[in-house]
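Visitor: I have a structure open and would like to go through a few parts of it. Can we start with the helices?

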Amino acid sequence: MEREQLNFYLQHCQKNALEQLCRRIESEARVERSKQPTAQTLLVPVTDPINGGSFYSGEVLVTSAITRVNGVNGWSMVQDDQPELADAVALLDAAFAAEVCTGAIIRLARDGEDRWRKQVEHDSARAEATRVQFDLL
């Protein structure tokens with residue numbers, strides 16, 4: 001698993017599994033919170049398909065955090081106001097980069113990926129059930 005994928009997949013893990021792994025890392029490594037979880041809004045840029053220009057379609061609420069593990073920075077950004085999740089994901093990102101509990105982090109991220117894929121399949125099935133069959137008319 002690539003580090004770039006961790007932020008997304010770890011957000012879909014069970015909360016208690018995230019907390020357990022974070023506690024383990026905190027007991028095995030030097031952890032420093034460089035930037036406490038902070039809620040903020042981001043502008044969402046959109047490209048105009050007609051003239052190729054761009055504009056901002058609105059704002060999204062996110063929470064970001066920066067944590068250091070053994071002197072290596074980790075970062076997270078999660079949707080909505082979720083400081084605990086942002087803190088946990090930043091810690092795991094830093095631990096991954098510092099090569100602390102890498103195998104456990106990858107296993108947890110794979111679990112998050114599986115949970116995310118199942119949710120997408122579930123949502124797709126629900127949407128498909130509402131599709132109108134015009135060829136029957």
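Predicted model: local features only at pLDDT ≥ 70, side-chain atom pairs only at ≥ 80, totals over all residues.

Visitor: At what angle do the axes of H1 and H3 cross?

Guide: Helix H1, residues 3-10, and helix H3, residues 83-97, have axes that cross at roughly 155 degrees and come within 10 Å. Angles over 145 count as roughly antiparallel, so H1 is roughly antiparallel to H3.

Visitor: And is the crossing of H1 and H3 left-handed or right-handed?

Guide: The crossing of H1 and H3 is right-handed.

Visitor: Which residues make the contact?

Guide: From H1, Arg3, Leu6, Asn7 and Leu10 take part; from H3, Leu85, Val89, Leu92, Asp93, Phe96 and Ala97 do. Sorted by class, the contact of H1 with H3 has seven nonpolar, two charged and one polar residue.

Visitor: New topic. Where does Cys101 lie?

Guide: Cys101 is in the loop between H3 and helix H4, which covers 102-128.

Visitor: Buried or exposed, that Cys101?

Guide: Cys101 counts as buried, because its relative accessibility is 12% and the cut-off for buried is under 20%.

Visitor: How far apart are Cys101 and Cys22?

Guide: From C-alpha to C-alpha, Cys101 and Cys22 are 9.9 Å apart in space, and they are 79 residues apart in sequence. Leaving aside neighbours within four places in sequence, Cys101 is in contact with Leu21, Arg24, Ile25 and Glu28.

Visitor: Last one: what does Asp87 touch?

Guide: Not counting residues up to four places away in sequence, Asp87 touches Arg33, Pro37, Ala65 and Thr67. Asp87 is in helix H3, and at 18% relative accessibility Asp87 counts as buried.

Definitions and conventions: Residues numbered from 1 in each chain as written. Heavy atoms only, no water. Axes fitted to C-alpha atoms, helices over the stretch in contact; angles between N-to-C directions. Helix = DSSP H or I, 4+ residues; strand = E, 2+ residues; numbered from the N terminus. Parallel < 35°, antiparallel > 145°, perpendicular 65-115°, else oblique. Left-handed = near helix turned anticlockwise from the far one by under 90°. Contact = heavy atoms within 4.5 Å. Nonpolar A, V, L, I, M, F, W, Y, C, P; charged D, E, K, R; others polar. Buried < 20%, exposed > 50% of the residue type's maximum accessible area, 1.4 Å probe, protein only.
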